[in-house]
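This report covers one protein chain, from its overall make-up down to single residues. Please read it alongside the sequence and the 3D view.

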Amino acid sequence: MFLVCDSYPLVELVSSDDTSAFIKPFDLEDYLARFYIIDTPTRKAILYDIHHIISDATTISIINKEFKKGFNGILDDNLDLGFLRSSYDDFIVKFDSSYESAHRFFADMLSDVEYFDVLGGDVDGSEGTVILPIFGVKEKLENFTYKKGISVGNLFYAVYAYCLSCFTGEDKVFVNIIEHGRHKDYTMDSVGMFARILPLVVDCSDSSVENYLDYVSDLVLNSMENNVYPFRLLASEFNFNSNISFRYNSNLNDMSFLGEDIIVTDYALDTIGEFLCVVNDLEDGFSVTVHHSDSYSEEMAKQFVFMFKEILIQLCDKDNLKDINYSL
């Protein structure tokens with residue numbers, strides 16, 4: 001296990017069973033990871049927390065696995081340098097012709113949109129999370145995407161873009177999709193933030209559903225192939241950010257706690273941006289979640305997830321985009 005960040009993690013030996021003080025926000029100018037070793041007569045444990053800036057979901061699994069190996073006395077001396085190798089590869093690619101061609105691909109696409117702030121804020125906004133379960137649709141959607149020759153993930157990207165278009169009234173919308181980023185074998189067991197953000201400009205003007213899904217799938221694939229050019233440089237050049245984004249967690253998070261009803265909380269469970277839409281797998285369906293800052297209201301987040309559900313279901317049944325009824 002090898003963790004690289006701008007500062008050393010906090011490691012403390014704790015002689016108290018009271019762990020209430022451990023749950024607190026990070027100071028981003030200080031450490032971004034903290035480990036507490038609890039050693040009391042009644043309890044021996046390790047509690048840890050790592051900021052999302054330097055950690056993804058796979059990282060947590062890797063750390064848990066390494067701790068279990070350590071507790072069982074089977075750790076080895078091998079040092080995983082996957083993160084460093086990946087960084088080196090990213091540096092080397094700057095001298096390859098694909099680097100400039102990737103920049104041209106994104107520059108041509110991004111120059112086709114007038115503004116990037118696709119969702120206006122709410123004056124009465126408040127931080128929160130909205131989770132809407134969608135049951136009884138998994139087999140239908142998987143059969144639908146199989147027949148159309150696209151992935152389930154690309155279906156969700158298409159639905160998200162069209163949902164933004166409906167909300168804003170714009171045919172062309174700016175979309176950030178977050179992808180896992182672990183595409184090289186030697187990064188699979190490395191801890192760190194292996195996420196890639198793909199900036200897309202999606203044309204949601206009326207067409208057949210089949211043509212729209214093919215178009216979005218090709219756009220996502222081409223963007224992934226050209227992702228050697230860093231998101232941060234594109235964001236600086238075209239003056240946009242990742243505050244509004246989408247992520248599909250395929251078979252990643254356990255959402256079995258969900259019942260039939262929508263869940264609304266007054267705090268954002270994932271604060272990676274201002275407005276993050278996430279789709280997770282359920283046993284017989286999917287859940288769509290919006291984590292939002294106080295720039296947006298609870299009512300707006302609820303409207304968004306219900307609209308997402310309507311567009312998702314109707315895309316499988318309609319011939320043309322204009323036939324989708326998304327009014328709530």
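The secondary structure of this protein consists of 8 helices and 10 strands. The model is a predicted one. Of its 328 residues, 44% count as buried. When contacts between residues at least 6 apart in sequence are taken, 71% join residues at least 24 apart. The accessible surface comes to about 17,500 Å², and carbon and sulfur atoms account for 49% of that surface.

Helix H5 spans residues 152–168 and has 17 residues. At 1.5 Å a residue it should span 24 Å, and its end C-alpha atoms are 25 Å apart, which agrees. Of the 17 residues of H5, 15 are buried, so the helix is largely enclosed by the rest of the structure. Gly-169 follows H5 and has a positive phi, near 80°.

A positive phi is also found at Asn-239, at about 60°, although this residue is not a glycine. Asn-239 lies in the loop between helix H7 (231–238) and strand E7 (244–249).

Ser-297 is in another loop, the one between strand E10 (285–292) and helix H8 (298–315). Leaving out residues up to four places away in sequence, Ser-297 touches Asp-122, Asp-124, Gly-125, Ser-126 and His-292.

| Residue | Relative accessible area | Class |
|---|---|---|
| Ser-297 | 8% | buried |
| Asn-239 | 68% | exposed |

Ser-297 counts as buried because its relative accessible area of 8% is under the 20% cut-off. Asn-239 counts as exposed because its value of 68% is over 50%.

Technical notes:
Residues numbered from 1 in each chain as written. Predicted model: local features only at pLDDT ≥ 70, side-chain atom pairs only at ≥ 80, totals over all residues. Heavy atoms only, no water. Helix = DSSP H or I, 4+ residues; strand = E, 2+ residues; numbered from the N terminus. Buried < 20%, exposed > 50% of the residue type's maximum accessible area, 1.4 Å probe, protein only. Contact = heavy atoms within 4.5 Å. Expected span 1.5 Å × (residues − 1). Areas by Shrake-Rupley, 256 points an atom, 1.4 Å probe, with all protein chains shown as cover.
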